[in-house]
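Here is a short briefing to read alongside the model. Have the structure open and follow the residues as they come up.

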Amino acid sequence: MTEKKIMLGNEAIARGAYEAGVKVSAAYPGTPSTEISENIVAYDEIYAEWSPNEKVATEVAIGASMSGVRAMASMKHVGLNVAADPLYTASYIGANGGLMIVVADDPGLYSSQNEQDTRAVARAALIPVIEPSDSQEAKDFVAEAMRISEEYDTPVIMRTTTRLGHSQGVVELKDRVVPEDKPYERDPGKNVMMPGNAIKRHLVVEDRMNRLEADGSDFAINKTEYKDTSIGFITSGIPYQYVKEVFPEASVLKLGLVYPLPKKLIEEFASKVDKLYIVEELEPVIEEQVRAWGIDCYGKDIFTKQGEYSANLLREVILGEKAEIKPYDGLPARPPILCPGCPHRSTFTVLKKLKLHAAGDIGCYTLGAVPPLSVIDTTLCMGSSISTLHGMEKAKGKEYIKNWVAVIGDSTFMHTGINSLMNMVYNQGTGTVIIMDNSTTGMTGHQDHAATGKTLKGEVVPAINIYELCKSLGIKNVTKADVFDLENFEKIVKEEVAKDEVSVIIACGPCALLKGMKFPNVCVPNSEKCKKCGACLKPGCPALTKNEDGTISIDETMCNGCGLCMRTCPFGAIDSVEREGR
C-alpha cells in the first residue's frame, strides 16, 4: 500500500530531496524557506548544515555538485541576492551532480523587506526555473530539478512562495533512489572561470537555454488542460489553484518550467483559446516573453504587480464580482511586538532614554523601529547596520554620530556583519556597534549558528567567541554587558558612544523563547506604592496593562520575570516573586 502523508510544502521539498538522492544540503534560515532544512535534518542520509550566509551555502552546494553528488541550497528571495556572486558564475560552470537552489519568494511581504521576483534574477543569470503548485509537486519537482540539472549541465532554481511553503497538502511518498556518484574529472576550461574560459562557456550557456526552450514543450511538469476554449489561462505555482477555483471549466496551461518558457507549447495553447489571461504573482516575467512572441494576452494591464493573489482577486478583475469582506469592527489592532522578556526591549529602553538613534538590521530587533520604543531609524539588509553607520560618519564626521549606534543580532553579525565591522576598523571609522546576542537566530524560529556551539544536526561544536573575534580585528574597546542590568548597561553605552574610535558592546541576554529557558520568578505590581507615572509601560511589554485608575496589572501567564518593568519603576512599585507551582 502506498503511504500518503499531509505535508507542508517545505516539508515536501525536504522529502523530495531525500527521495531524489540528494547527499548535501546547505542553507541559511530565512522565512519562508526555513522549514526545508529543519525537515531535511531528519534524514540521516543527507548531510545538512546551517551555513553562515546564503553565499556560503550556495558555494557548499556547488562544491558538492562538482564532486559528483546531488546537492542543494535553500534560502529566501533576498538571500538569493547574497548568493548572486557564486550563482551567476555557477551558471557558466554548470553541474556535475545535480544542483538545485530552492528560493522562496514572499508575495505580500509577510516577513521580508522587499517583494523581488526570483524569476527575474534567474533570467539575468541564465538559470532555468521550475515552480510547483502544491505539496505533491514540491516533492516531485526535486527529482525533476535533478534530472534537468544533470541532463543539461546546469544549476536549477526551484521557485516557491510563502503560500506554497506554509500550506499543507497530501503527498504520496516513495523510496529513496540514489544514483551513482558521477566521477570527478579535472576540467579547468569548465570549472575555472577566468575570462578566457568564461567567454567560451557563455556560448555553451546560451545553447543550453535554447535547448531547454525547445525541449521544455515536452516536459511532463508542463500540463495542458483543455476545456472551454473561449477563455484560457497560462499560470504557474500557487496562482494555478486560484484559477482552478474560480474558473474550473476554463482551459489552462500550467507551467512547471517558468524559465526558459516552452515557446512551442505556449504558441499552440494560445492559438486554441479565444481570450488569453496570464496569471502570475509579482513581475510580468511570463507575460513579457509571451507578448514578445507576438501573442495577444491580458496580464499586468489588469492585474497588480504587488502582493499575493487570491481567488477573490480573480473574481473581481475578470468577472467584476466584488467580494464582500466583513469588517472586524471593534477588534483592536495587533501590531507586531517584541515578546515579554525579550532582551532587545531592555537594550532599546536604554537607547531611548539616552535619546540615541540606531542604524538597524534584519531580525526581531527591527521591531525597535515602531512605537513605543521607536529607536531604530534605518534597516536595509543583513549586515547593513554597521556599514550604514560607517557611511554616516564618513559623510558627516565624528560629531554627527555621537547620538547614533549600530545594532545587529548575533546571527546577523555572523552572516555579514563581520565584514562590515572589519571595514569600519580598516578605514579608521568611529562609532559604537551593539551586537545583540540572544544566543540564537530568533526571528526564524531559533536556529543555531556558528556562535551558538551547535550544528543543524544537533552536534556540539566549538562556538565562535564573538568577543575574541572582535578583539582579533584590532578593536580595543569591546565590552560584554548584561542587558537586564539597566544601570550598568546605560553606563557602558554612555562611555562607548563618547569615544572617538570603534567600540563594540556585546549586549547579552538569551531569547525568552529558547528551549530550556526557565523563569522561576514573576513580576507583581504593588498598587500601594504605585504613583501612576507610567514609567513601567514605556518599554511596551505586552504583559503589562494600565488599569482604569492608572495603576497597572501584570499578566502572570505572559510575564517571563525579566524584571525590566521592575527596574524602570522609580518608586519600587513592582516586586519579583517566586512563580507558584514552578
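In this predicted model, E131 and R159 pair through their side chains in a salt bridge, with N and O 3.1 Å apart; the term stands for a side-chain nitrogen of Lys or Arg within 4 Å of a carboxyl oxygen of Asp or Glu. The pair ties together distant parts of the chain, 28 residues apart: E131 sits in the loop between β6 (129–130) and α6 (135–152), and R159 in strand β7 (residues 156–161). Helices (H or I, at least four residues) and strands (E, at least two) are DSSP runs, numbered from the N terminus.

Two notes on reading the numbers: residues are numbered from 1 along each chain as its sequence is written, and side-chain values use heavy atoms, with hydrogens and water left out. As the model is predicted, local features need pLDDT of at least 70 and side-chain atom pairs count only at pLDDT 80 or more, while totals for chains, interfaces and linings use all residues.

**Salt bridges**

- Both partners of the opening pair are covered: E131 counts as buried at 3% relative accessibility, and R159 is buried with a relative accessible area of 2%. Buried means under 20% relative accessible area, exposed over 50%, and partly exposed in between (1.4 Å probe, protein chains only).
- K139 and D140 also form a salt bridge, their closest N and O atoms being 3.0 Å apart. K139 counts as buried at 2% relative accessibility, whereas D140 counts as partly exposed at 32%.
- Another salt bridge joins E308 and R163, at 2.7 Å from N to O. This pair also links distant parts of the chain, 145 residues apart, with E308 in the loop between α12 (285–292) and α13 (311–319) and R163 in helix α7 (residues 162–165). R163 counts as partly exposed, at 33% relative accessibility.
- Salt bridges with shared partners join D105, D117, R119, E131, R159 and E280 into one network.
- The count of salt bridges comes to 34.
- As background, side chains of opposite charge can pair when their charged atoms come close.

- Helix α10 (residues 239–246) is mostly covered, with six of its eight residues buried. The buried ones are P239, Y240, Y242, V243, K244 and V246.
- These buried residues of α10 pack against α7, β9 (223–225), β10 (228–235), β11 (250–254), β13 (275–279) and α13. Contact here means heavy atoms within 4.5 Å.
- In α12, the residues V285, I286, E287 and V290 are buried. The buried residues of α12 pack against α5 (118–125), β10, α11 (263–272) and β13.
- After α12 comes G294, which has a positive phi near 80 degrees.

- Where is V407? It is found in strand β16 (residues 404–409), and V407 is buried with a relative accessible area of 0%.
- Leaving aside neighbours within four places in sequence, V407 is in contact with F348, L351, A358, A359, G360, D361, Y365, I376, S385, I434 and M436.
- V407 and K263 are 144 residues apart in sequence, and their C-alpha atoms are 49 Å apart in space.
- A507 has its place in strand β19 (residues 502–508), and A507 is buried with a relative accessible area of 3%.
- Not counting residues up to four places away in sequence, A507 touches T347, I434, I435, M436, D437, A481, V483 and F489.
- A507 and P343 are 164 residues apart in sequence but 8.5 Å apart in space, C-alpha to C-alpha.

**The whole protein**

- The protein has 19 helices and 23 strands. Its radius of gyration is 27 Å, close to the 25 Å that the globule rule gives for 582 residues, so the protein is as compact as a globular protein of that length. The radius is taken over C-alpha atoms, and the globule rule is 2.2 Å times the number of residues to the power 0.38.
- Along the principal axes, the C-alpha atoms fill a box of roughly 80 × 60 × 55 Å.
- Of the 582 residues, 53% count as buried.
- Among contacts between residues at least 6 apart in sequence, 74% join residues at least 24 apart.
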